[in-house]
Each structure stands twice: as structure tokens, then as C-alpha cells.
Amino acid sequence: MNQSKKHSYRSLMALCLGLGLSLFSTMPKAEAAKEVALVSGAFRRSISVSNLEYLAKTGKARGLLKDALKFSRQNPETVSKLLNKKLELPIALTSRLMTTRIGNVIINRISKIIYPLNVPNPSVSVPAFRAGVINGMQIGKGGLNAIHFLKAYPNETMTVNLPALFGIMQKAESIAGLVKFFSDSPLDGLKESKP
């Protein structure tokens with residue numbers, strides 16, 4: 001290349017780099033979930049993540065969450081324990097498992113229950129779920145609980161499709177049974193594996 005072409009090439013690269021950096025710096029950052037929207041048809045009620053976090057820390061419910069737990073006859077201390085239930089898996093192994101065929105099947109099923117508000121499309125809900133899990137595990141230093149997941153979920157409002165959730169819960173005797181089912185899954189043998 002002659003000097004003039006080199007100078008033009010460098011100028012073009014500098015311009016592209018500058019434009020790329022300016023676009024990157026002006027893009028909105030993904031926010032953590034601020035509320036969980038419980039949805040069933042036209043019914044929608046939102047519970048703030050701060051109230052869920054308060055319940056997880058104190059074992060006491062407040063706001064709409066307090067009323068919801070009272071109405072559903074759930075013990076706040078039991079729900080607090082569930083919110084704090086930590087799954088321990090290596091981040092690298094978990095990331096790889098989520099991209100396997102069985103991982104994709106599981107995540108696609110979960111993405112019909114949990115998705116960004118008004119966007120149940122798997123092209124959006126699946127990556128959002130994966131990001132919530134991996135980033136939540138980083139927050140939890142290798143472990144994941146519900147609060148870490150919510151703090152890492154890349155949308156301000158995470159939707160929980162109640163009919164879809166209840167359909168799965170019919171297979172478990174209680175919320176505690178559902179958590180135990182996933183906690184005591186065959187993946188337990190993988191926990192000690194090194195990636």
C-alpha cells in the first residue's frame with residue numbers, strides 16, 4: 001500500500017471505531033428486573049423485586065406480596081427460604097449445558113412460563129432467561145437463587161404466566177416440592193465435574 005492509501009485506511013478505521021464507540025456508549029444498558037408481573041389472561045398484578053428481596057432477607061412480606069401470600073395461604077418464612085434456596089453449579093458447565101439439546105428443550109419450556117413483559121417469543125425470552133441464569137450465577141459467585149436471577153434478568157418486568165406455571169405445579173405437590181424436584185434432579189452428578 002502506498003502512503004495515501006494507508007492514511008485513508010487508518011482514517012476510515014478511526015472513523016469506524018469512533019462511531020462504534022459512540023453508538024455503544026449511547027445504547028441503553030439492560031436493566032435488572034424491577035418487578036415480576038403475574039399474568040393470567042387479562043389479569044395482571046405486579047410485585048416489586050424489592051419486596052421479594054425484603055421477604056428473602058427478613059422472612060416478612062410487605063405490600064401486595066403480603067396480601068398475595070395471605071390469600072394463597074403461604075407461610076412467608078417458607079417462601080423466604082425458597083427465595084434463598086441456592087443451586088450450586090459451575091458457571092462454565094451451566095453455560096454449556098444450556099446450549100445442549102436437552103438444555104434448549106428445558107429452556108424453551110421455561111420460556112413459556114417466564115418471559116419479558118409482552119414478549120413471549122422464544123427469540124427474546126430464551127436469551128433473557130439464559131442471561132438471567134449466567135449473570136445471576138456471577139452475582140451469586142457460582143450459585144443461583146431467585147433473587148440473584150431477578151437482579152440479573154435483562155428486562156425491567158419479568159412476566160410469569162400463571163396458567164402455564166400452574167400446569168407444571170400440578171405435577172408437584174407444592175412449591176417446595178417443585179424446587180426440590182429441580183434441586184434433586186439428575187444434574188446432581190454433574191456438580192462435582194470440572195469443565
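Let's start at N145. Setting aside neighbours within four places in sequence, N145 is in contact with L83, N84, K85 and K86. Contact here means heavy atoms within 4.5 Å. This is a predicted model, so local features need pLDDT of at least 70, side-chain atom pairs count only at pLDDT 80 or more, and totals for chains, interfaces and linings use all residues. Residues are numbered from 1 along each chain as its sequence is written, and side-chain values use heavy atoms, with hydrogens and water left out.

Where does N145 lie? In the loop between β5 (143–144) and α8. Helices (H or I, at least four residues) and strands (E, at least two) are DSSP runs, numbered from the N terminus. N145 is buried, at 10% relative accessible area. The cut-offs: buried is under 20% relative accessible area, exposed is over 50%, and partly exposed is in between, with a 1.4 Å probe and protein chains only. One of its polar atoms lies 2.8 Å from the backbone nitrogen of H148.

Now the overall picture. The protein chain has 10 helices and six strands. It runs to 195 residues, and 31% of them count as buried. Take the contacts in the chain with a separation of 6 or more: 59% of these are between residues 24 or more positions apart.

Next, helix α2. Two packing partners to show you.

Partner one is α4. Helix α2 covers residues 49–58 and helix α4 covers residues 76–84; their axes come within 8 Å and cross at roughly 100°. Axes are lines fitted to C-alpha atoms, for helices over the stretch in contact, and angles run from 0 to 180 degrees between N-to-C directions. So α2 is roughly perpendicular to α4. On that scale, under 35 degrees is roughly parallel, over 145 roughly antiparallel, 65 to 115 roughly perpendicular, and the rest oblique. Which residues meet? From α2, L52, L55 and A56; from α4, P76, V79, S80, L83 and N84. That contact of α2 with α4 has six nonpolar residues, two polar and no charged. For the classes, Ala, Val, Leu, Ile, Met, Phe, Trp, Tyr, Cys and Pro count as nonpolar; Asp, Glu, Lys and Arg as charged; the others, Gly among them, as polar.

Partner two is α3. The α2 and α3 axes are 8 Å apart, at an angle of about 65°. N51, L52 and L55 in α2 meet G63, L65 and L69 in α3. This time the residues are four nonpolar, two polar and no charged.

Between those two helices comes R62. It sits in the loop between α2 and α3 (63–71). Leaving out neighbours within four places in sequence, R62 is in contact with S50, N51 and Y54. With N51 there is a side-chain to side-chain polar contact, at 2.6 Å. A polar contact is a pair of N or O atoms within 3.5 Å; within protein, one must be able to donate a hydrogen and the other to accept it, and residues adjacent in sequence count only if both atoms are side-chain atoms. R62 and L52 are 10 residues apart in sequence, and their C-alpha atoms are 8.7 Å apart.

On to charges. How many salt bridges does a search of the whole structure find? Four. The criterion is a side-chain nitrogen of Lys or Arg within 4 Å of a carboxyl oxygen of Asp or Glu.

E53 pairs with K151; the closest N and O atoms are 2.8 Å apart. That pair links distant parts of the chain, with E53 in helix α2 and K151 in helix α8 (residues 146–152), 98 residues apart. E53 is buried at 18%, while K151 is partly exposed at 37%.

E35 and R44 form another, 3.5 Å from N to O. Both ends are partly exposed: E35 has 24% relative accessible area, and R44 has 38%.

Then E88 and K86, 4.0 Å from N to O. E88 is partly exposed at 42%, and K86 is partly exposed at 37%. Salt bridges that share partners also join E53, K57 and K151 into one network.

Last stop, S125. It is found in helix α7 (residues 122–139). S125 is buried, with a relative accessible area of 0%. Beyond its neighbours within four places in sequence, S125 is in contact with S111, I114, Y115, P116, V119 and P120.
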